[in-house]
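Dear colleague,

I am handing over a structure for you to look at, and below it I have set out what was found.

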Amino acid sequence: MIVVIALGGAALLKRGDPPEVNVQRANIARAAESVATIARLHNVVVTHGNAPQVALLALQAEAYAQVPPYPLDVLGAQTGGMIGYLIEQELRSCLPKREVVSLLTQVEVSPNDPAVMSPSALVGPACNQEQAQRFARERGWKMTAISEKLWRRTVPVAEPRRILELNAIRGLVTAGAVVVCAGGGGVPVIVNSRGVVRGVEAVIEKDLAAALLAREIGAAALLLLTDVDAAYEAWGTNFKRPIRETTPEPLRKMSFTVGSMQPKIEAACRFVEAGRGFAGIGLLEDAAAILEGKRGTIVRKSGVSLDFIPGKEAAKQPGPTTISRAAAKQAARQPGPTTISRAAKRPAQPAPTTQPPTKPPGKTK
């Protein structure tokens, strides 16, 4: 089965870490172990964030006053190559017998996207008010005060519409390669009526791009990995509680932190609503357990099982299910790299005939 793994910012730089290459490499090495555990059983595509790296490149560019600053799409492409290189290298070390490919990815956005008129994403380093006024005057940047003395550039968050390298990604996955792509949500571009491609000064929400990618390549699971163990209801209050298993409908009625958990919730809902797969949200180190439905927040449609058998109908009773020996043998005979989870390989225990089956672990009451 195909699993798309979206690495959050903590996979590259933990809170408070300096943006040094050695620090990032050490963090990525730990992330690669989690990814490799899943890649040994399934086809895997990895996406990642890039916000701190873009800010660093923008800051470095300011040191060359005689050279106009590079546009945001070019900075995004630079980080895609840099971070992709580090992830690819660490994954190759974990998976010496697998092909690992890092692919620079362009994602088409609409020039008529309403978000273009309402910039909301803070990018680049902070500056004082005098510098902010100069940037607005000379470069046409929209600057936003983030404190009494500091300002940052604000750019649009464009909706991802189409992944230009989609066929290449599909081909690599079919060939069995682990693919690293759509870094930072991909490089935002517009395509005119003559097919001419040009970058735009915007960003793409990386989780929404991951959801689009997962849907388009027919992934069975989308894992949105971050630095919290699950999505929480009433986060920030004394009544917070983890959401262990749910469907998109109740999730869309809840409130989550904008720019943090909210994009992950939206990405999970979009992916689940578009197909027969499921999404998981949780800690990077819990990735394998989330895939098995044992940790994190699981989002799925009603009636969709978590047994990872392609085409198998869900059990009538909702919740994660355990497959039988016969189903496991049938799955093992299927061609390709698809395998079942460790939990699914265990023989199902027959339920007593005098009472209903026990609810699966992790089921929300």
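Which residues of α8 are buried? They are Met261, Pro263, Lys264, Ile265, Glu266, Ala267, Ala268, Cys269, Phe271 and Val272, where buried means under 20% relative accessible area, exposed means over 50%, and partly exposed is in between, with a 1.4 Å probe and protein chains only.

Before going further, please bear in mind that this is a predicted model, in which local features need pLDDT of at least 70 and side-chain atom pairs count only at pLDDT 80 or more, while totals for chains, interfaces and linings use all residues. Residues are numbered from 1 along each chain as its sequence is written, and side-chain values use heavy atoms, with hydrogens and water left out.

Helix α8

The names of helices (H or I, at least four residues) and strands (E, at least two) stand for DSSP runs, numbered from the N terminus. Helix α8 covers residues 261–274, and with 10 of its 14 residues buried it is mostly covered. From its first C-alpha to its last α8 reaches 20 Å, close to the 20 Å expected at 1.5 Å a residue, the expected span being 1.5 Å times one less than the number of residues. The buried residues of α8 pack against α6 (206–216), β14, α7 (248–251), β18 and β19, and contact here means heavy atoms within 4.5 Å. The helix lies across β14, β18 and β19 (297–299), and runs at about 155° to β18; for such angles, axes are lines fitted to C-alpha atoms, for helices over the stretch in contact, and the values run from 0 to 180 degrees between N-to-C directions.

The sheets

The strands that α8 lies across, β14, β18 and β19, belong to an open sheet of eight strands with mixed pairing, in the order β3-β10-β2-β1-β14-β18-β19-β17. Its edge strands are β3 (100–103) and β17 (245–246), each of which pairs on one side only; two strands pair if DSSP finds at least two bridges between them. Within this sheet, β14 (residues 221–226) and β18 (residues 278–283) pair in the parallel sense over six bridges, and Leu223 stands opposite Gly280 in β18. Another helix, α3 (residues 72–94), lies across β1 (2–7), β2 (43–48), β3 and β10 (178–181), and runs at about 175° to β3.

There is also an open sheet of three strands, with antiparallel pairing in the order β5-β7-β6. Here the edge strands are β5 (121–127) and β6 (142–145), each pairing on one side only, and neighbouring strands of the sheet are turned by 35° against each other on average, direction ignored. Strand β6 is joined by four bridges to β7 (residues 151–155), the two running antiparallel, and Lys142 stands opposite Thr154 in β7.

Salt bridges

How many salt bridges are there? The count comes to 19, a salt bridge being a side-chain nitrogen of Lys or Arg within 4 Å of a carboxyl oxygen of Asp or Glu. One of them joins the side chains of Glu159 and Arg270 (2.4 Å, N to O). This pair links distant parts of the chain, with Glu159 in the loop between β8 (157–158) and β9 (162–163) and Arg270 in helix α8, 111 residues apart. Glu159 counts as partly exposed because its relative accessibility is 29%, and Arg270 is likewise partly exposed at 29%.

The side chains of Arg300 and Glu245 also meet in a salt bridge (2.6 Å, N to O). Arg300 lies in the loop between β19 and α10 (325–332) and Glu245 in strand β17, 55 residues apart, which again links distant parts of the chain; here both Arg300 and Glu245 are buried.

Single residues

Ala182, in the loop between β10 and β11 (187–191), has a positive phi of about 55° although it is not a glycine, and it is buried, with a relative accessible area of 3%. Ala234, in the loop between β15 (232–233) and β16 (241–242), has a phi near 60°, which is again positive in a residue other than glycine, but Ala234 counts as partly exposed, at 33% relative accessibility.

With best wishes
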